[in-house]
Structures are given as structure tokens and as C-alpha cells.
Amino acid sequence: MGAAEFELMLKSAVGAEGVLVNEPLARHTTFEIGGPAQWLVLPRTEEQVAAVVARCREAGVPWRVLGAGSNVLAPDEGLGGVVLKLAENFAATEVLPGGELRACAGATNEAVAALACEQGLSGYEFACGIPGTIGGAAYMNAGAYEGQFSDVCASVRCLDGEGHVVEVPAAQAQFGYRHSLMMEQGLVILGATLQLAPGNREHIRAHMADLQRRREEKQPLEMPSAGSTFKRPEGHFAGKLIQDAGMQGKSVGGAQVSEKHAGFVVNTGGATASDVLALVALVQQEVNSRFGVTLEPEVRLWQ
Ligand SMILES: Cc1cc2nc3c(=O)[nH]c(=O)nc-3n(C[C@H](O)[C@H](O)[C@H](O)COP(=O)(O)OP(=O)(O)OC[C@H]3O[C@@H](n4cnc5c(N)ncnc54)[C@H](O)[C@@H]3O)c2cc1C
């Protein structure tokens, strides 16, 4: 099947307005880096997600899923095939009896944390400043300030390899440090149900404000980045190792090890994915040769 015919199929699945052609990924990643996606597709329903994935599989077209793009480095040359973006277009939330909160994959952590607070439900405060979606949080098992997604996850709603919608209970989601079954198997996350506990609305609000203040103090939130570049190595902090290796402030092109927090690589303006990758390699090499510690990227390096 030719590209034009496939594009028509995509448009029939999600509507013409839901298919962006040669769409720069820099517009969809917090790093503000990345060349064009051949087709950036914005489904609004689970049926549309399933239809797009099925059509890609049938036609042998590569596809991947993007949330808020806050943990992705997209390549300069762009990507062939489909990027399914599940963000603003797929963001419904619902509070259920018994402290459960159900959110579609594209709901932001900020919105979910705010809704939980408004409802007097505690447990998701840790995520209020993590600038991603519920899909990205489940996939990455995102965490901060002693909390992680798996602490409050009851189940994750996924599209399995055969295109069936399945509800994966948290106990089967193989959550680990920045790891999940969904990552392992490349499952599309459609949403998740959180189990929260009753709490005092004012305490929850004050807790979130405190976490946000701590984040603003320590992190270079004013510059484009993808958060912590590296995972926390066993027994160490990546930022401290990078600082001690004398790499803080080091630049390659427009990419720089943040002056404010050495655990972040920031885009100082016009950085390319190649700049970031070269800087990541340099930092890894330096930290390894000084301390014998291998830093593993936390940011998903798309190719
Ligand atoms: C300033 C800043 C601070 C940050 N602080 C933290 C922090 O404190 N803790 C933390 O854990 N992270 C942090 N991050 C990183 C990032 O916000 C998290 O990893 C977040 O969970 C990613 O969500 P996302 O929606 O942006 O996912 P994306 O970046 O869009 O995607 C990340 C990965 O998840 C996959 N994915 C996303 N949605 C789906 C889906 N619906 N189905 C299947 N796969 C999907 C993508 O394919 C990709 O591989 C920070 C980032 C920034 C920029």
C-alpha cells in the first residue's frame, strides 16, 4: 500500500483534522527537539486508537505512542510512520465511589492531582509537578518525593498485542524503578484507575504547593528539558556524580548540563538531538572513568 492510500485510511479512522503530516516533533516534546513525524495522529476514542494500531499492523507501518513528550528525545531526522499522540485529545477523568479515580491516558498528572485534591483524595500529590500524562506515568512508573505511580495504581487499561482492550491489575503490571510491563511489551496505555485515600483538602493542597516550591528551587524549570537525564544508579545520585566529575555546565552545541541541577540536560536554544546524545555520551564516559559507575539514560531515546 502506498503512503497516500495509507494516509487516507488514517483520516478515515480519526478524521482529517486528527492527522498531522510531517509534523515537527519539536512542537510536541518538552525538550523542543525533534524532526518531523510522517504522521502525527490524534485519536479521541479508544476505538480510534485500536483502529489506527490495527491499520499500522496490517500495513507494516511503524508506530509509537507519545504522551506529553516530557521524557522523549526525538531524532533530528524525524520518524517514518505514525506517532499516536494521547494527550489533550484523550484526557477525560472520572471520580468513582470508594476513592477510585479513573483517568484516560492523556490526562495530565497536574490535572489528576488537582482533581484528587478537590475531591479530598490523597496519594497523587507526589506527581503534581511531573509534567507528563497518566499514560507516560504508568509506562515509566514515574515517581518523585518518595512516591511513585505504582503506589496508587489499581489497574492500567491497555490495548494488547492482538488489539483487545485489557485491564491489567497493578499486581501484574511488573512495576519497578522506571519500569513497567507496558514498557516491556510496548502496550498502548488507554488509561488507569488510581486508588486514593480520603484526606484533608487543605493538607493535600499545602503538600502539593510545598513539593512544587521544592521543584522550582532545585530544577531548571525555566529551560526546555526532559527532566532527569539519567536513572538513579544504585547507591548514588546521578546529579552528584556528574557534578563531582566536573561536568556541570558542560555544553555540546545547544545542549548543556544544567548549571542549576547537574542531573538535567537543558536545551539552551537550538539544541539538536545529536547535541544531546553527544553530551550524554561525554557525561557517561567521564562519570564511568572517574567513579566506575555506568549512567543509564532515563529519557527515552527515540530512533
Ligand atoms: C521538568 C521536568 C521534570 C520531571 N520530573 C520528573 C519526576 O520528578 N519524576 C519522573 O518520574 N519523571 C519526571 N520527568 C519526566 C517525565 O515527565 C515523566 O517520565 C513522565 O511520566 C512522562 O510522561 P509523558 O506523558 O510526557 O510521556 P512521554 O514523554 O510522551 O513518553 C515517555 C515514554 O512513555 C511512552 N508512553 C507515553 N504515553 C503512553 C501511552 N499512552 N501508552 C504507551 N506508551 C506511552 C512513550 O512511548 C515513551 O516511551 C520530568 C520531566 C521534566 C521535563
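Visitor: What covers the buried residues of helix 3?
Guide: In this predicted model, where local features need pLDDT of at least 70, side-chain atom pairs count only at pLDDT 80 or more, and totals for chains, interfaces and linings use all residues, the cover includes strand 6 (93–96), strand 7 (100–104), strand 8 (121–122), helix 4 (134–140) and helix 7 (201–218). Residues are numbered from 1 along each chain as its sequence is written. Helices (H or I, at least four residues) and strands (E, at least two) are DSSP runs numbered from the N terminus, and contact requires C-beta atoms, placed from the backbone, within 7 Å.

Visitor: And which residues of helix 3 are buried?
Guide: In helix 3, which spans residues 109–118, they are Asn109, Val112, Ala113, Ala116 and Cys117, buried meaning 20 or more other C-beta atoms within 10 Å of a residue's own. Viewed down the helix axis, they fall within an arc of 135°, taken from the directions from axis to C-beta atoms, so they line one face of helix 3.

Visitor: What follows helix 3?
Guide: Gly120 does, with a positive phi near 70°.

Visitor: Switching to the open sheet, what is the strand order?
Guide: Its 4 strands run 1-2-5-3 with mixed pairing, where a pair needs at least two DSSP bridges. Strand 1 (19–24) and strand 3 stand at the edges with a single partner strand each, so one side of each has no neighbour in the sheet.

Visitor: How do strand 3 and strand 5 pair, parallel or antiparallel?
Guide: Strand 3 pairs with strand 5 (residues 79–85) in the parallel sense, over 4 bridges, and Arg64 stands opposite Val83 of strand 5.

Note on methods. A residue is buried if 20 or more other C-beta atoms lie within 10 Å of its own, exposed if 12 or fewer, and partly exposed in between; C-beta atoms are placed from the backbone. Two residues are in contact if their C-beta atoms, placed from the backbone, lie within 7 Å.
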